[in-house]
Amino acid sequence: MSEPITQHIEVFGRVQGVGFRPFVHRTANALGLEGWVRNVDGHVALTVRGRPDALRELVVEIRAKAPPLAAVDRVHVRAASAATAPVGGGFTVRASRTDQALAEREVPPDAATCEACLRELFDPADRRYRYPFVNCADCGPRATVITDLPYDRERTTMRRFPMCASCGAEYADPADRRFHAEPLACPRCGPRLAWGGLAGEEALLAAARTVAAGGIVAVKGLGGYQLVCDATDPAAVAELRRRKRRPVKPFAVMVADLASARRLAHVNGTERDVLVSPQRPVVLLTARQPGRDAVRLAPGVHPGVRRTGLFLPTTGLHHLLLRELARPLVVTSGNIADEPIVTDDAEARRILGTVADGFLTHDRPIRARYDDSVVQTARGGVLMLRRARGYAPAPLAVPVAADVPLVAAGAQLKHTFTLARRGRAHVGPHAGDLADAATYDAFHSAYAELTRLTGIAPRAVAHDLHPGYLSTRWALAQDAEHHVAVQHHHAHVAAVAAEHGLTGPFLGIAYDGLGLGDDGTLWGGEILVAGLTGYRRAGRFARAPLPGGEAAVRHPARMALGYLYGAEPLGVPRPPPWLTRPFTDRLDAREVRVVRTLVERGVNCPQASSAGRLFDAAASLLGLCDTVSYEGEAAVALENAAGALRADALPWRVTRVNGMGVYDPSPTLSALLQGLADGVAVPLLAAAFHTAVAEATAALVERAVAAGAPRTVCLGGGCFQNRRLLADVGRLLRARGLRVLTGRAVPVGDGGISYGQAAVASARLARQAKER
């Protein structure tokens with residue numbers, strides 16, 4: 001038999017707060033090994049003594065059989081002195097240790113209630129029967145309660161709740177699934193619900209009665225307050241819209257289980273898997289037409305769109321509310337309009353006091369703000385729309401690592417920031433529009449918290465080119481060794497490339513609303529030949545004026561007038577007056593005159609080569625949306641109108657301007673108006689418009705590839721949240737033998753900009769270091 005040896009093993013990745021030490025303890029004991037395991041800052045360290053084959057098997061199991069919430073990135077193994085693993089001491093879990101100088105720290109995301117805890121929640125014989133804060137090592141709060149790392153109870157907001165004897169015994173028992181489960185609690189020693197002067201079960205029932213009576217309740221969730229009402233009650237939903245100041249943007253709906261979700265929407269295999277995953281995001285699904293006796297969502301839940309956002313309960317409290325009410329619930333962010341989600345109890349009563357009819361709260365503080373994540377599926381994969389609770393701030397890889405720690409400041413809308421070091425990027429929580437003062441403050445707080453927790457002290461700052469972005473102003477104000485400017489659309493496609501591990505050249509398609517180009521004009525419909533360190537522009541959409549600047553973004557009808565009166569002249573006449581008159585006649589005559597004057601005089605009419613603004617114009621011309629209450633509303637209406645209809649493309653034209661391929665949409669828009677004049681149905685025209693844009697895109701790409709561009713194509717930018725456009729473009733490019741990639745773990749919209757900036761800045765800094 002081989003002589004025993006001693007090894008020191010370090011495990012990096014998502015290995016804290018996921019039941020990893022109990023897993024190692026069980027595995028080591030089963031293999032007859034001696035030694036210890038502990039948390040060390042953001043990773044796990046163990047020293048083990050035993051037979052060489054048993055040690056090899058331990059490393060194999062660590063890599064291959066880690067707990068469901070864990071993600072092992074790498075395992076370091078080295079020889080150690082036998083004295084470090086005392087003989088005869090068995091295998092133990094030691095107290096955590098902090099070593100800031102060697103820190104490589106990871107904050108684990110929250111996880112939804114697991115099946116074992118759910119069984120206990122509804123078992124009358126269990127001591128946690130109907131206890132809203134039930135959790136174990138496989139589920140429960142993580143990122144939202146952690147105050148410092150390494151992850152131990154005394155470094156969470158649970159430190160204020162001393163464990164009772166029963167919980168303490170579970171916590172100390174290696175055979176128990178609550179062994180070292182840091183948020184461990186029970187009705188005797190843990191957090192309690194409150195509703196006015198009521199507590200516990202009475203508080204829960206009072207909240208449920210309020211919702212059942214048509215009221216709106218503010219519920220303290222994992223990463224912030226949520227507003228809850230009966231999703232089947234039209235009056236309640238309408239009142240929530242009025243109070244929250246959210247006219248039409250769809251609400252998310254929480255349902256009790258998968259069967260309930262299937263009664264409301266079509267659910268394929270991929271959608272099922274993500275619905276029941278520990279991350280529990282909101283999933284955009286195609287709504288069913290309800291039968292005569294079926295449960296119906298109120299029309300105001302997702303007005304005018306075929307898809308509905310559904311998700312399953314994330315906490316024991318959600319499960320209890322749904323069990324009591326036995327109906328779908330609107331569960332939306334606890335905020336006003338586009339402000340950040342509220343986390344503080346006093347702030348909740350101040351901000352949501354005019355929205356909610358009551359507050360179902362509890363006494364466990366929320367340490368970090370995390371809204372619900374939102375995803376959709378396409379081609380059998382998950383596409384991230386908002387990376388928040390359940391996913392953030394788990395790190396992602398950056399393909400080219402720099403020695404310099406950095407922060408990427410992100411964009412202005414759908415804001416996130418990213419911290420990066422040693423090839424790992426920690427994308428911060430979704431915030432919103434930085435123009436809102438509360439959102440800007442939330443960004444500052446989240447940045448301070450995540451830098452402290454991860455131990456990353458940035459010495460470089462990446463930022464957008466746009467000097468008016470508050471993120472850019474913040475970045476330039478930082479005292480850093482390096483300030484790295486990254487063009488907006490390069491960041492979009494670099495985010496896709498980085499997620500897929502590309503280090504070489506690729507072809508990027510960046511379609512979005514607006515971003516400042518390196519030539520000082522506004523971009524948004526771009527074909528780029530790129531790498532992580534740079535790019536060149538190979539194609540674009542034709543330019544059109546934005547009459548009134550920002551006003552054109554809020555009013556797609558203005559954008560349509562901009563195309564009709566001032567589109568870039570590329571040799572094709574604009575639509576004649578007799579064709580445009582039905583459109584202009586339905587608008588306010590004074591506004592039409594003002595806009596036409598602005599365009600003709602070139603006053604406050606910045607030019608933009610934007611795919612997003614073209615979609616806005618088409619939606620308005622078709623009578624789908626003239627004014628928006630949220631960003632992307634017009635494009636959503638256009639996609640919804642097209643549905644699954646197949647239609648031949650409207651006419652389109654690609655020409656060449658200064659050696660660059662340019663899509664001229666004038667023939668497309670003229671045909672759109674002609675179709676309306678001929679009585680063609682709006683859905684068919686909407687579908688034909690999508691086909692035209694996709695075919696024009698394929699033609700631009702084909703020209704670039706013929707001129708030597710790479711055959712791997714990265715699709716980025718918010719327009720590719722449009723599943724129809726994504727599918728049509730992808731299909732046409734793959735038919736030409738091209739490899740097509742898009743964002744999956746990172747949003748293709750502005751929520752992924754900071755990750756793309758981090759990837760670009762990291763690659764540039766690494767190149768500079770190599771050249772020195």
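**Basis.** I worked from a predicted model, in which local features need pLDDT of at least 70, side-chain atom pairs count only at pLDDT 80 or more, and totals for chains, interfaces and linings use all residues. Residues are numbered from 1 along each chain as its sequence is written, and side-chain values use heavy atoms, with hydrogens and water left out.

**Cysteines.** I looked for disulfides (pairs of cysteine sulfur atoms within 2.5 Å) and found 0 in the structure. For Cys139, which is in no disulfide, the nearest cysteine sulfur is that of Cys114, 3.7 Å away. Cys625 is likewise in no disulfide, and the sulfur of Cys719, the nearest, lies 14 Å away.

I then checked burial, where buried means under 20% relative accessible area, exposed over 50%, and partly exposed in between (1.4 Å probe, protein chains only). Cys139 counts as buried because its relative accessibility is 0%. Cys625 is also buried, at 6%.

**Sheet.** Two strands pair if DSSP finds at least two bridges between them. I noted an open sheet of 11 strands with mixed pairing, in the order 7-6-14-8-9-13-10-12-11-15-16. Its edge strands, each pairing on one side only, are strand 7 (198–199) and strand 16 (381–386).

Which strand is joined to strand 11 by 4 bridges? I found strand 12 (residues 307–311), which runs antiparallel to strand 11 (residues 282–286). Within strand 12, Leu310 is the bridge partner of Val283.

Terms used: Helices (H or I, at least four residues) and strands (E, at least two) are DSSP runs, numbered from the N terminus.
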